[in-house]
Protein chains: 2
Amino acid sequence: MAEDADPARRSIGARRNPDSADAILEAAEAVLVEAGYAGFSIEAVARRARAGKPTIYRWWPSKAALLLEVYQRQKRVEVPDTGRLEEDLVGFLKNLFAHWRETSSGSVFRSLIAEAQSDETAAAALADYSLGRRSHTGQIIERAKARGEIPAGVDSAVVADLIASFAWRHLLTNRLDENEATIGKAVNYVMRGIAAPAP
Amino acid sequence: MAEDADPARRSIGARRNPDSADAILEAAEAVLVEAGYAGFSIEAVARRARAGKPTIYRWWPSKAALLLEVYQRQKRVEVPDTGRLEEDLVGFLKNLFAHWRETSSGSVFRSLIAEAQSDETAAAALADYSLGRRSHTGQIIERAKARGEIPAGVDSAVVADLIASFAWRHLLTNRLDENEATIGKAVNYVMRGIAAPAP
DNA sequence: ATGCTCAAACGAAACGGCGCGTTTTCAAGC
DNA sequence: GCTTGAAAACGCGCCGTTTCGTTTGAGCAT
């Protein structure tokens, strides 16, 4: 992938070298996938990118910052919009699990969560990110509300939190190959809770 | 806490020294609480326990093993049994969050989850543990089933997984001071999903 | 425009420091 | 004599930083 950095990539003068930045980000992703979070060190990334450590430290103040940018470069998961809430939720989770399994996104996100447990920067970044995107799930639920499929009183933040928690836990415990039935069942419980009139 | 190890604690001959083991476990807990997971190293624990590193490595093959034993020494959280499922679930989550906040259990468990992302041993131990205890939540739900409060067809594993996920996510994102209303709301959604007749 | 100087970023190498996991040494008690 | 424990030292790797020489754009004067 990025293992043979362009030998012509050299300093381009008194401004940031985008080639270096790219090489570093790609190397970071590659190291993460190949060696896992345990083998993810600034040294290893620098070696892999054929870059100097100071170059990395200049642009990314912490391991967490680098991880975060790698994560943000990832392709986004597809969010279905079928017109039925339950179908959307199950489809989204299936897409998400497949995405996490089949691309490096899963490794990167797992690492970010782990890093957040010991690095304040990572924790803040993760919180920002979660809050900022308001999660795809929230949008799915809001759409269902807008078309009157579920009561307007439903607190989409709470529901989205439940779904997101489910996804996180499966990611962190390496159960992304969960069969569709389990996903469907979990979503179904939440779904009925949403749809039922408040007691 | 364990900072002044008994100066009289010395080798007791050809068997394991329980005083040393205790001192090491207590030191590990103290280091984790005071310096966090980032500062948790075998060296630091050995220093704190006034023990030699080889002594630690002899009895705990990895950092994960030590973490796990520290976690298992913790006091258990109280599981309510009021005769009403919703009350039990909310009460349990409240107890659990308070327990995680006010004792070192939260720090230890967070660290264990983080460690599991880079250490295979920790991952296996965590999976064993989660599976083995079948979670307190599962017992709560099974009780409700036994007294006929909810349909016998309810899959308690799935529901317990939802509740546990909710708890994990709040632990990992440092939101253990969530107000009672949020907990209640989340549980309420799940509850109604359980109670409602399958569509 | 042209040419000069300065500042910035680059890769590479080296630094001291620390934690790793291991090995060795020595003393103590069964 | 056996096992255990404490202590010290080992080589290794990564940390975050500093220094070096080189490359190049930007700013300014001519």
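Asn174(A) is exposed, with a relative accessible area of 58%, where exposed means over 50%, buried under 20% and partly exposed in between, using a 1.4 Å probe and protein chains only. You will find Asn174(A) in the loop between helix 9 (156-172) and helix 10 of chain A. Helices here are DSSP runs of H or I with at least four residues, numbered from the N terminus. The backbone is worth a look too: phi of Asn174(A) is near 60°, a positive value in a residue other than glycine. Most residues other than glycine have a negative phi.

Chain B has its own Asn174(B), in the loop between helix 9 and helix 10 of that chain. The table sets out both residues.

| Residue | Phi | Relative accessibility |
|---|---|---|
| Asn174(A) | near 60° | 58% |
| Asn174(B) | near 60° | 58% |

A word on the background: this is a predicted model, in which local features need pLDDT of at least 70, side-chain atom pairs count only at pLDDT 80 or more, and totals for chains, interfaces and linings use all residues. Residues are numbered from 1 along each chain as its sequence is written, chains are lettered from A and ligands numbered from 1 in the order in which they are written, and side-chain values use heavy atoms, with hydrogens and water left out.

Now to the place where the chains meet. In all, 36 residues of chain B are in contact (heavy atoms within 4.5 Å) with 36 residues of chain A. About 3,200 Å² is buried between them, and carbon and sulfur atoms give 63% of that; buried area is the accessible area (1.4 Å probe) that two parts lose on being put together, summed over both. In chain B, Gln117(B), Arg169(B) and Tyr189(B) lose the most area to chain A, together 24% of what that side buries.

Between the two chains there are 6 salt bridges, each a side-chain nitrogen of Lys or Arg within 4 Å of a carboxyl oxygen of Asp or Glu. One of them joins Asp161(B) to Arg175(A), with the closest N and O atoms 3.5 Å apart. Helix 9 of chain B gives the largest share of the side that touches chain A, 11 residues.

Is Tyr189(A) buried or exposed? Tyr189(A) counts as buried, at 5% relative accessibility. This residue lies in helix 10 (residues 180-195) of chain A. Leaving aside neighbours within four places in sequence, Tyr189(A) is in contact with residues including Gly153(B), Leu162(B) and Tyr189(B).

Methods: Helices (H or I, at least four residues) and strands (E, at least two) are DSSP runs, numbered from the N terminus.
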